[in-house]
Amino acid sequence: MLGKLRKLINSLAPTTVGKALYKAGVTPDELTYMGLALSALAPLAVYLGKLIALPFLILLAGLMDVLDGAVARASGRTTAFGSYLDSMTDRVSDAFLFLAMALAGVNQYITLIALAFSLMVSYARAKGELLNVKMEGVGLAERSERLIILFVMSLLLLLRQLLVDDIIMAVVAVLAAATVIQRSVHVKRSIGQTRTTT
């Protein structure tokens, strides 16, 4: 859904803010861990009754996810382990953010289902790429889309719109499930094409 915007950011960020951060001595791994730490603070903030901090934590955690890749590309330090670390911390961060939503009062069962399908979206990409299938940009709701929706939900939580948030979380679950199906179909077709051409 945000494919064109993502491509624009990925092309501009390394030569601008990524380059500046690299010159300042910031490493991609530091930004990755910072994003994880910010996500971990989200459920803690909700537990302590600091609901107003939640939108800022989600926004900053998402920003770190953009910047770590930008610094890695600007510095030429894109490594296989860096990609692995980024993917692993993203999954843990997702769990923290969905936990924060559940603690804030969003329906726990719907939130759990949404989280499960969100993790499946990432697994579908990882498994597809393991089979040498290009997976970037495939599906309705990749991580960036889900983070934006969670950010909007966190703003609605400040207005105590729990019913609306329950509905939106259900939409997240449906979109994530649809993305898993889309990616599965994409892998099946790609593997079929590969077998036909070979």
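Are Asp 94 and Arg 143 buried or exposed? Asp 94 is buried, and Arg 143 is buried as well. The legends below describe salt bridges in this predicted model.

**View 1. Salt bridge between Asp 94 and Arg 143.** The closest N and O atoms of Asp 94 and Arg 143 are 2.8 Å apart. This pair links distant parts of the chain, with Asp 94 in helix H5 and Arg 143 in helix H7, 49 residues apart. Arg 143 has a relative accessible area of 12% and therefore counts as buried, the limit being under 20%.

**View 2. Salt bridge between Asp 90 and Arg 143.** Here the closest N and O atoms are 3.4 Å apart. Asp 90 belongs to helix H5 (residues 80–103) and Arg 143 to helix H7 (residues 143–158); the two residues are 53 residues apart, and their pairing links distant parts of the chain. Asp 90 counts as buried because its relative accessibility is 10%.

**View 3. Salt bridge between Arg 125 and Glu 129 within helix H6.** The closest N and O atoms of this pair are 2.9 Å apart. Both residues lie in helix H6 (residues 108–130), four residues apart, which is about one turn of the helix. Arg 125 is partly exposed, with a relative accessible area of 29%, and Glu 129 is also partly exposed, at 37% relative accessibility.

Definitions and conventions:
Residues are numbered from 1 along each chain as its sequence is written. This is a predicted model: local features need pLDDT of at least 70, side-chain atom pairs count only at pLDDT 80 or more; totals for chains, interfaces and linings use all residues. Side-chain values use heavy atoms; hydrogens and water are left out. A salt bridge is a side-chain nitrogen of Lys or Arg within 4 Å of a carboxyl oxygen of Asp or Glu. Buried means under 20% relative accessible area, exposed over 50%, partly exposed in between (1.4 Å probe, protein chains only).
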